[in-house]
Amino acid sequence: MLRLTEVTDGSGGRLPSYGVKRDNQTNVMDYGATGDGVTDDSVAIQAAITAAGVNGRLYFPQGTYIAQNLAPLTGQSFEGNWLGSTVTYTGGNNPIFNISGGNITFRQLQITHPSPSGTSAGCILNSGATY
């Protein structure tokens, strides 16, 4: 069986659409996210959230994305790659997702927040938020 796990440009750099993107999804890498586990991808992921719009579907190809204070829009779906997509933040007590809208869905996406203080959360649901 052939499994597509990475697409490169021949020089070792990733192409904008990494892995297999599903129909009607906004790929966070197309907005500059790296998923390398080192780079803070917050600005790129938030740009993808904005571009996807209300009820949009975001796709996180295989990788580890560092992010904080992401503000999903109502009805958005965050979908990972079955090969392993993780969103994490290790820089302090900020949440990864700060949810104010409703009907937010997470699929095949691991969310980790290894806070040294033990007082933070990966997702914060504000008043009126649903998931």
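A nonpolar core is a set of buried Ala, Val, Leu, Ile, Met, Phe, Trp, Tyr and Cys residues joined through side-chain atoms within 4.5 Å, where buried means under 20% relative accessible area with a 1.4 Å probe, protein chains only. The structure shown is a predicted model, in which local features need pLDDT of at least 70, side-chain atom pairs count only at pLDDT 80 or more, and totals for chains, interfaces and linings use all residues. Residues are numbered from 1 along each chain as its sequence is written, and side-chain values use heavy atoms, with hydrogens and water left out.

The pLDDT, which is the predictor's confidence in each residue on a scale from 0 to 100, averages 78 over the chain, and 69% of the residues score at least 70. Confidence is highest in helix α1 (residues 42-52), at a mean of 97, and lowest in strand β10 (residues 123-125), at 56. Over residues 1-12 the pLDDT stays under 50.

The chain contains one helix and 10 strands. These elements are DSSP runs numbered from the N terminus, with helices (H or I) of at least four residues and strands (E) of at least two. In order from the N terminus, the elements are β-β-α-β-β-β-β-β-β-β-β.

Four of the strands form an open sheet with parallel pairing, in the order β1-β3-β5-β8; two strands pair if DSSP finds at least two bridges between them. Because β1 (25-27) and β8 (105-107) stand at the edges with a single partner strand each, one side of each has no neighbour in the sheet. Strand β5 (residues 77-80) is joined to β8 by three bridges, and Ser-77 stands opposite Thr-105 in β8.

Helix α1 lies across β1, β3 (57-60) and β5, and runs at about 150 degrees to β3. Such angles run from 0 to 180 degrees between N-to-C directions, with axes fitted as lines to C-alpha atoms, for helices over the stretch in contact.

The interior may now be examined. Of the 131 residues of the chain, 40% count as buried. In soluble globular proteins, nonpolar side chains tend to be buried together. The largest nonpolar core here has 22 residues, and those with the most contacts inside it include Ile-45, Leu-58, Tyr-65 and Phe-78; a contact means heavy atoms within 4.5 Å. Helix α1 gives the most to this core, with five residues. Beyond residues up to four places away in sequence, Tyr-65 touches several residues, among them Val-28, Ile-45, Phe-60 and Val-87.

How values were computed: Buried means under 20% relative accessible area, exposed over 50%, partly exposed in between (1.4 Å probe, protein chains only).
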